[in-house]
Amino acid sequence: MRRGGNVEEYVLDVRKKRGIVIFGLIDPDPLKVDISKDAIRKCISTDIDVFLVGGSSLVDQYHVDSMIEEIRAQSEKPIVLFPGNVNGLSPKADAVLFILLLNSDDPYYIVGAQILGAPLIHRYGLEVFPTAYIVLFSDSAVAHVGRARGIPPNKPELISMYALAANMFGSRFMYLEGGSGTSTHVPGGIVEEARKSFNGFLMVGGGLRDISSIGEVIASGADGIVLGTVLEAFDLEDLGELIMAARNVGKGRD
Ligand code: 1GP
């Protein structure tokens, strides 16, 4: 059942009550349907807060729709699209990260795809999360596809330029992306610098697979973390422990 325009409120409320919002990223790649269905079941058993659907280049709307139906049949949690392109949109979701890939060199990823997607989003009645998206590491698939210029990890001051611009563009969400499956996560110094300048909800993802990296990004100011690879790679017990540890770090935050 569609939630009808209150997902952002729900996300902010979870942040307030639980200290951290945990996003489970489900990949609608048609070549790994069983793995993604298994990841959905693990997300439900381990109590993630929000489903993100997308993130991969290998998608078509049929598989996005069917992953959403799979989630809906088992969970009431909100489903937010994380489209890598216009083909990642679906009328069955609750909301969409309306992504501005701020450090792309290609106008298509800054404004082109958004213009093509806007009429569909409007017609589908999806709730929109205006999201400034910054891809940190240039050796990731998302950087390659989105032609993103990487940000040197030892130059955290550069991120504040993006964070200030994100505010000025009116973005209510900012997503610092390391890249799926990356060996290093977004460093705490970068998260801290973004936190100082960005006024909205700060998400961090990519390469978060142990409590030390998760603890570091939460302590540095992340409001939400995105988990993708661990949902597929970890068994239910290890994933449950990791998520419980993340919840403990989030407890008692302002
Ligand atoms: C990718 O940030 C997400 O867009 C999740 O990354 O697969 O490394 O968890 P992982």
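**Reading the core, the fold and the ligand shell**

Visitor: What makes Phe23, Val53, Val80, Val96, Met174 and Ile225 stand out in the largest nonpolar core?

Guide: In this predicted model, the largest nonpolar core has 81 residues, and these six touch the most other members. Among the secondary structure elements, strand β4, residues 95-101, gives the most to this core, with seven residues.

Visitor: Which residues does phenylalanine 23 touch, not counting residues up to four places away in sequence?

Guide: Phenylalanine 23 touches Ile48, Asp49, Val50, Leu52, Met203, Gly224, Ile225, Val226 and Leu227; a contact here requires C-beta atoms within 7 Å.

Visitor: Why is glycine 215 called partly exposed?

Guide: Glycine 215, which lies in helix α8, residues 211-219, has 16 other C-beta atoms within 10 Å. A buried residue would need 20 or more, and an exposed one 12 or fewer, so glycine 215, with its 16, falls in between and is partly exposed. The C-alpha atom of glycine 215 is separated by 9.8 Å from that of arginine 247, although the two are 32 residues apart along the chain.

Visitor: What makes strand β2 mostly covered?

Guide: Strand β2 covers residues 50-54, and five of its five residues are buried, while for the chain as a whole 48% of the 254 residues count as buried.

Visitor: How do you know that strand β1 and β2 pair, and in which sense?

Guide: Pairing requires at least two bridges between the strands; β1, residues 21-26, and β2 have four bridges, in the parallel sense, and therefore count as paired.

Visitor: Why does the radius of gyration of the chain agree with that of a compact globule?

Guide: A compact globule with 254 residues would have a radius of gyration near 18 Å, and the chain has 17 Å, so the two agree. Taken along the principal axes, the C-alpha atoms fill a box of roughly 45 × 40 × 30 Å. Of the contacts with a separation of 6 or more, 74% come from residues 24 or more positions apart, and the secondary structure of the chain comes to ten helices and eight strands.

Visitor: How many residues surround the ligand, and which are the closest?

Guide: The ligand is surrounded by 14 residues, of which Ser180, Gly205, Gly206, Gly228 and Thr229 are the closest.

Methods
Residues are numbered from 1 along each chain as its sequence is written. This is a predicted model: local features need pLDDT of at least 70, side-chain atom pairs count only at pLDDT 80 or more; totals for chains, interfaces and linings use all residues. A nonpolar core is a set of buried Ala, Val, Leu, Ile, Met, Phe, Trp, Tyr and Cys residues joined through C-beta atoms within 7 Å. Helices (H or I, at least four residues) and strands (E, at least two) are DSSP runs, numbered from the N terminus. Two residues are in contact if their C-beta atoms, placed from the backbone, lie within 7 Å. A residue is near a molecule or strand if its C-beta atom, placed from the backbone, lies within 6 Å of it. The radius of gyration is taken over C-alpha atoms; the globule rule is 2.2 Å times the number of residues to the power 0.38.
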